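Reader: I would like to go through the terms used for this model and the criteria behind them. Please start with strand pairing.

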Amino acid sequence: MDQTLYLKKASRKVKRIHFSTIQYKTWNPLNHEVENIKNVLLVSGIANPYPLIEKLKEKYNLESIIFPDHHVFNDADLKVIHQKFDTF
């Protein structure tokens, strides 16, 4: 929903409305530099992974496995992730 329209509708019901955005920065490996990354496997368990997906698609060949928000990963999930990773 457009923020302006949302503000108009919500202003009748609430006193304060706050919006936030996410701005992704350069991807930095945690332990060592990896050069020439072409493929990325995104495993997500967040409410709305689609902005992150779109950002990653700009630079990488992206495969993704999307789980529900706050997903509790189990052995079967890990097996699926490993199988997908092995197909890269």
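Author: Two strands pair if DSSP finds at least two bridges between them. Helices (H or I, at least four residues) and strands (E, at least two) are DSSP runs, numbered from the N terminus. The model is predicted, so local features need pLDDT of at least 70 and side-chain atom pairs pLDDT 80 or more, while totals for chains, interfaces and linings use all residues. Residues are numbered from 1 along each chain as its sequence is written, and side-chain values use heavy atoms, leaving out hydrogens and water.

Reader: What makes β1 and β2 a pair?

Author: DSSP has to find at least two bridges; β1 and strand β2 (residues 61-66) have six, in the parallel sense. Ser44 stands opposite Ile66 in β2. The chain goes from β1 through α2 to β2, a β-α-β crossover that is right-handed: with the strands pointing away from the viewer, the path from the first strand over the helix to the second runs clockwise.

Reader: Which order do the elements of the protein follow from the N terminus on?

Author: The order is α-β-α-β-α, with three helices and two strands in the protein.

Reader: Why is Lys57 called partly exposed?

Author: Buried means under 20% relative accessible area, exposed over 50%, and partly exposed in between (1.4 Å probe, protein chains only). Lys57, in helix α2, has 49% relative accessibility, so it counts as partly exposed.

Reader: Why does His70 count as exposed?

Author: The relative accessible area of His70 is 67%, so it is over the 50% limit and counts as exposed. His70 lies in the loop between β2 and α3 (75-86). Its phi is near 60°, a positive value in a residue other than glycine.

Reader: What makes a set of grid points a pocket?

Author: On a 1 Å grid over the protein atoms alone, a pocket is an open set with protein on both sides within 12 Å along at least five of seven lines, whereas a cavity is a set of points where a 1.4 Å probe fits but cannot get out. About 340 Å³ of space lies in the largest pocket; grid points are joined across faces, edges and corners, and a volume is the space filled by probe spheres set on the points.

Reader: How many residues line the largest pocket?

Author: There are 14 lining residues, each with an atom within 4 Å of a point. Lys25, Trp27, Leu52, Leu56 and Tyr60 lie nearest the centre of the pocket. β1 gives the most to the lining, with four residues.
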